[in-house]
Amino acid sequence: MGEPPNKPPTWRYMLSDVSFDTDEETAVLDVVRSKWLSMGPRTAELEQRFASYIGTRYALATSNCTTALHLAVLAAGVGEGDEVVVPSLSFVATANAVLYARGVPVFADVESLDRPLLSVADVEKKITARTRAIIPMHYAGYPCDMNALLELARAKGLRVIEDDAHAVGSKAGGAKCGSIGDIGCFSFFANKNLPAGEGGMLTTNDPALHEYMKLRRSHGMTTLSWDRFKGHSFSYDVVDVGFNFRMPELTAAVALCQLSKLDRHNAERDRVFASYVRLLGKNPKLGIPFASEPAPGARHIFPVVLAEGVDRHAFMQKLRDVGIQTSIHYAPIHRFSHYDKLFSTSPPRLPVTEAYAARVVTLPFHQSLTDSDVAAIAEAVEDALR
């Protein structure tokens, strides 16, 4: 009778994968046995260790990176009608966070097909009297030109919020991403370099920003359940409108384990990247962004840019047929229906972003891929391009 029409494919090579072992199992079991599931001692330990790893005075755990971005935008003083310059080549949360604050995301283009990072020159063109902040997203783990962005931001009196969802462990000029701008926002989503299922982190060196975000992370309450459990307080006050953006202890426990393995996993990703470049770097039908760039410290995805005229859908289908999962990072935000309607009277002009988004394909990329795995994927890519 054949297979059901909607049966999911059997993947030989997944786009991403996690590396868990008994460390994570034990850590989760310890939380369950402790019976303390909401934000508590493991979350506090994760914040301390993460701040030390990134090199900031403060780190605040959140429920995910989207809530981290939301708090960061509010802390930057963005309100009704204020503008924030963002990339369109990003996950939609980067721009959505501005809308949550009733601000206006202003989309800037990327530099080139080889370096699809926020263009400082285009950012400068997009700044107006209503601009309050810039959100560079370190695409694929490669840092944007932070020196130039910071110089521009300081000259204009703007905040810089780093979207570090791809860049946990990456460095720019010797400093880790998340310690360079005013605030850093990290993701621990299941496909990230530090996966915990969900979860996020805010980093900053500014005590005022830290206090603002800490208070609003949990309903504007002056003390938390864990504080009261430890006997530090009997009650609490609510001094502002806040949110429930807290991280559960189960998430923190997994994230702590993954943080201890992060540098090793990032080094393995460097090996996988080098294998791909060696095998595919001379194919005239595709380009490899960042192929000539030094290792950033944390490579997150492996995008390739198909030559003009190559049928992307057919290419991805051929890889799917042999069990190789692919994706597109990203469909540009300004082209989504909601944003298209928002800016229908003045659509953004982002020629490089649109050219890149029309031709990019993301190949499987994670620390568990062996050299023989990469060779098999590369051979299938070559076959699909013939």
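Predicted model: local features only at pLDDT ≥ 70, side-chain atom pairs only at ≥ 80, totals over all residues.

Visitor: Why is Asp-122 called buried?

Guide: Asp-122 has a relative accessible area of 13%. Buried means under 20%, so Asp-122 is classed as buried. This residue lies in helix H5, residues 120-126.

Visitor: What is in contact with Asp-122, leaving aside its neighbours within four places in sequence?

Guide: Asp-122 is in contact with Ala-108, Asp-109 and Leu-350, those neighbours being left aside. Contact here means heavy atoms within 4.5 Å.

Visitor: Why does Ser-16 count as partly exposed?

Guide: The relative accessibility of Ser-16 is 26%. The class lies between the limits of under 20% for buried and over 50% for exposed, and therefore Ser-16 counts as partly exposed. Ser-16 belongs to the segment before helix H1 (22-34).

Visitor: Which C-alpha atom is separated by 6.1 Å from that of Ser-16?

Guide: It is the C-alpha atom of Pro-364, a residue 348 residues apart from Ser-16 along the chain. With neighbours within four places in sequence left aside, the contacts of Ser-16 are Asn-191, Phe-365 and His-366.

Visitor: What makes strand S2 mostly covered?

Guide: Five of the five residues of S2 (residues 83-87) are buried. Glu-83, Val-85 and Pro-87 point one way from the strand, while Val-84 and Val-86 point the other way, and all are buried. In a regular strand the side chains alternate between the two faces of the sheet.

Visitor: Why are strands S10 and S12 said to stand at the edges of their sheet?

Guide: The sheet is open and has three strands in the order S10-S11-S12, with antiparallel pairing. S10 (286-287) and S12 (360-363) each have a single partner strand, so one side of each is left without a neighbour in the sheet.

Visitor: How many bridges join S10 to S11?

Guide: Two bridges join S10 to S11 (residues 302-306). At least two are required for a pair, so S10 and S11 qualify. Val-305 in S11 is the bridge partner of Gly-287.

Visitor: What makes the lining of the largest cavity eight nonpolar, no polar and no charged?

Guide: The lining consists of Pro-87, Leu-89, Val-110, Pro-116, Leu-117, Leu-118, Met-137 and Tyr-139. Pro, Leu, Val, Met and Tyr count as nonpolar, so the lining divides into eight nonpolar residues, no polar and no charged. About 30 Å³ of space lies in this cavity.

Visitor: How is the lining of the second largest pocket divided?

Guide: That pocket has a volume of about 370 Å³. Of the 21 residues that line the pocket, Phe-91, Ala-165, Ser-187, Phe-189 and Lys-192 are the closest to its centre. The lining comprises eight nonpolar, 10 polar and three charged residues. Helix H3 (65-75) and helix H4 (93-100) are the elements that give two or more residues to this lining, and H3 gives the most, with three.

Definitions and conventions
Residues numbered from 1 in each chain as written. Heavy atoms only, no water. 1 Å grid on protein atoms, 1.4 Å probe; cavity = no way out; pocket = protein on both sides within 12 Å on 5 of 7 lines; lining within 4 Å. Points joined across faces, edges and corners; volume = space filled by probe spheres on them. Helix = DSSP H or I, 4+ residues; strand = E, 2+ residues; numbered from the N terminus. Buried < 20%, exposed > 50% of the residue type's maximum accessible area, 1.4 Å probe, protein only.
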